[in-house]
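Let's walk through this model together, one piece at a time.

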Amino acid sequence: MPIEDVRRAEEKMKAVIEATKREFSAIRTSRANPAILERVTVECYGGLYPINQVATIATPEPRLLVIQPWDRNQLPHIEKAILKSNLGLTPVSDGSVIRISLPPLTEERRKELVRLTRKQAEDMRVAVRNIRREANESLKSKEKAGEISEDELRRSQEEVQRLTDKYIGEIDALLESKEQEIMEV
C-alpha cells in the first residue's frame, strides 16, 4: 500500500517537471523557438485553434520564425492573433507566409526574464514540496489506521524525500539551462 502512495507522488512530480518544461519553453529568448507561439490561439473556422493546428512554424535562422498557414485565407487571422498575444512580436506578411524577426534582448529585459524564470521555478519547487507533504500525510494516516507498520512508514517517507530531492534537482537544472539561454547574447 505505501508503494502506491509513493508511485502516485512520483507521477505527480513528473507532471510538475513537464509543466516546468512547458512554462520555460514559452519564455522568449533571443533565439527563435516555435514554442513561444504555443499559447497563441487563432480565431478561424468558427472557433479558436492553437496556431500550430492551422499553420506550420519553422525556424530557418536563429532569430527568425516563419509561419506557413495551411489555408492562405487564415493569414490575417494568424497575424491578428500574434499581435493580440502580448508577446511583443511583430508579424510581417508577404501574402503567403508570416515572418517574425526576433530582436536581440536588452540587458534589462534579460534580467527581467531571469527573474520571471526563477519565480516560475520556485512555484514548481513549491508544487513538488506540496506533493511530498500530501504523500507523507497519507502515509501517516495509514500508519495510524494500522494499515502499515512504523518501519514501512519510515521507509516510504524516505523514498518520498528521495523523489522530492531528485525532482527539485531537475527543476534547478532546467532553471540553470534556461538562465544561460536567456543571458547568451
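The buried residues of α2 pack against β1 (41–44), β3, β4, β5 and β6. Here contact means heavy atoms within 4.5 Å, and buried means under 20% relative accessible area, with exposed over 50% and partly exposed in between (1.4 Å probe, protein chains only). Helices (H or I, at least four residues) and strands (E, at least two) are DSSP runs, numbered from the N terminus. This is a predicted model, in which local features need pLDDT of at least 70 and side-chain atom pairs count only at pLDDT 80 or more, while totals for chains, interfaces and linings use all residues. Residues are numbered from 1 along each chain as its sequence is written, and side-chain values use heavy atoms, leaving out hydrogens and water.

So which residues of α2 are buried? They are Leu75, Ile78, Ala81 and Ile82. These four sit on the same side of α2, because they cover an arc of only 130 degrees around the axis (the arc is that of the directions from the helix axis to the C-beta atoms). After α2 comes Asn86, with a positive phi near 60 degrees.

Now for the sheet. It is open, with four antiparallel strands in the order β3-β4-β6-β5; two strands pair if DSSP finds at least two bridges between them. β3 (55–61) and β5 (91–93) are at the edges with a single partner strand each, so one side of each has no neighbour in the sheet. On average, neighbouring strands of this sheet are turned by 25 degrees against each other, direction ignored. Three bridges hold the antiparallel pairing of β5 with β6 (residues 98–101), and Val92 has Arg99 as its bridge partner in β6. Helix α2 (residues 75–84) packs on this sheet, touching β3, β4 (64–69), β5 and β6, and its direction makes about 165 degrees with that of β5. Axes are lines fitted to C-alpha atoms, for helices over the stretch in contact, and angles run from 0 to 180 degrees between N-to-C directions.

Next, look at β1, which runs antiparallel to β2 (residues 47–50) and is joined to β2 by four bridges. Val42 has Tyr49 as its bridge partner in β2, while Glu43 has Leu48.

A search of the whole structure finds one aromatic pair: the rings of Tyr45 and Tyr49 have centres 6.4 Å apart and planes at 75 degrees, so they are edge-to-face. Rings of Phe, Tyr and Trp (its six-membered ring) pair if their centres lie within 6.5 Å; planes under 30 degrees apart count as stacked, over 60 as edge-to-face and the rest as tilted. Tyr45 counts as exposed at 52% relative accessibility, and Tyr49 is partly exposed at 30%.

Finally, the cores. A nonpolar core is a set of buried Ala, Val, Leu, Ile, Met, Phe, Trp, Tyr and Cys residues joined through side-chain atoms within 4.5 Å. In the largest, of 26 residues, Met13, Val16, Val128, Tyr167 and Ile171 touch the most other members. α1 (2–25), α3 (107–144) and α4 (150–183) are the elements giving two or more residues to this core. A second, separate core has 19 residues, including Leu37, Val42, Ile67 and Ala81.
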